[in-house]
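Please keep the sequence and the model side by side as you read.

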Amino acid sequence: MDYKNVLTTCIYCGTGCNYYLEVLDGEILGVTPCQEHPINQGQVCIKGWNSHAFVQHPDRLHVPLIRDGDGFREASWDEALGLVAERFQAIKAEHGPDAFGVLTSAKCTNEENYLVQRLARAVLGTNSVDHCARL
Ligand code: SF4
């Protein structure tokens, strides 16, 4: 058996509580709040206790899906991202960059949110960028 405690930051809000993920043979069993972290000092809220549940949820997608008729089919990342780029280019050519609005997520890191707004402004050409934390 391979047991690890992995120090990480809760993704559910911007408070930034730290806890250890208890991992057994690659499966997350639970969390132990970090006693020595100055923000949460050994505490986490109810969201923090359950914040790992989605990681191993059976409904979680593991590969991209592309709409195919009334359903979806699995695709490679190259195919899915190529299709997205193609559709973005077509929308931009037909309707202009203001046709786009980009909504980022509090579940992403600051760095990821920064990259999304760079993509919106520099590639799509829109300043319509917002964040779910403001909703
Ligand atoms: S444990 Fe609760 S308060 Fe702390 S970061 Fe997670 S959601 Fe926010």
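Strand β4 (residues 65–68) and strand β5 (residues 71–74) run antiparallel, joined by four bridges. Strands are DSSP runs of E with at least two residues, helices are runs of H or I with at least four, and both are numbered from the N terminus. Two strands count as paired if DSSP finds at least two bridges between them. Leu65 has Glu74 in β5 as its bridge partner. The two strands make a hairpin, with two residues between them. In that turn, Gly69 has a positive phi of about 65°.

This is a predicted model: local features need pLDDT of at least 70, side-chain atom pairs count only at pLDDT 80 or more, and totals for chains, interfaces and linings use all residues. Residues are numbered from 1 along each chain as its sequence is written.

**The three-stranded sheet**

Another sheet is open and has three strands in the order β1-β2-β3, with antiparallel pairing. The edges are β1 (3–9) and β3 (27–33); each has a single partner strand, so one side of each has no neighbour in the sheet. Neighbouring strands are turned by 30° against each other on average, direction ignored. Such angles run from 0 to 180 degrees between N-to-C directions, with axes fitted as lines to C-alpha atoms, for helices over the stretch in contact.

Strand β2 covers residues 18–24. Its bridges are listed here by pair.

Tyr20 stands opposite Thr32 in β3. β2 and β3 also form a hairpin, with two residues between them. Asp25 in this turn has a positive phi of about 50°.

**Around the ligand**

Which residues surround the ligand? They are Cys10, Tyr12, Cys13, Thr15, Gly16, Cys17, Asn40, Val44, Cys45, Lys47, Gly48 and Ser51. A residue is near a molecule or strand if its C-beta atom, placed from the backbone, lies within 6 Å of it. By class, the shell has six nonpolar, five polar and one charged residues. Ala, Val, Leu, Ile, Met, Phe, Trp, Tyr, Cys and Pro count as nonpolar, Asp, Glu, Lys and Arg as charged, and the others, Gly among them, as polar.

**Domains and a helix**

The chain is divided into domain 1 (3–56), domain 2 (61–95) and domain 3 (96–130). These bounds come from an automatic or database domain assignment. The centres of domain 2 and domain 3, taken over C-alpha atoms, are 18 Å apart. Their contact takes four residues from domain 2 and five residues from domain 3. Contact here puts C-beta atoms, placed from the backbone, within 7 Å. On the domain 2 side, two residues are nonpolar, one is polar and one is charged.

Helix α3 (residues 110–124) has 15 residues. From first C-alpha to last, α3 reaches 20 Å, close to the expected 21 Å. That expected span is 1.5 Å times one less than the number of residues. Gly125 follows α3, with a positive phi near 85°.

Note on methods:
Contact = placed C-beta atoms within 7 Å.
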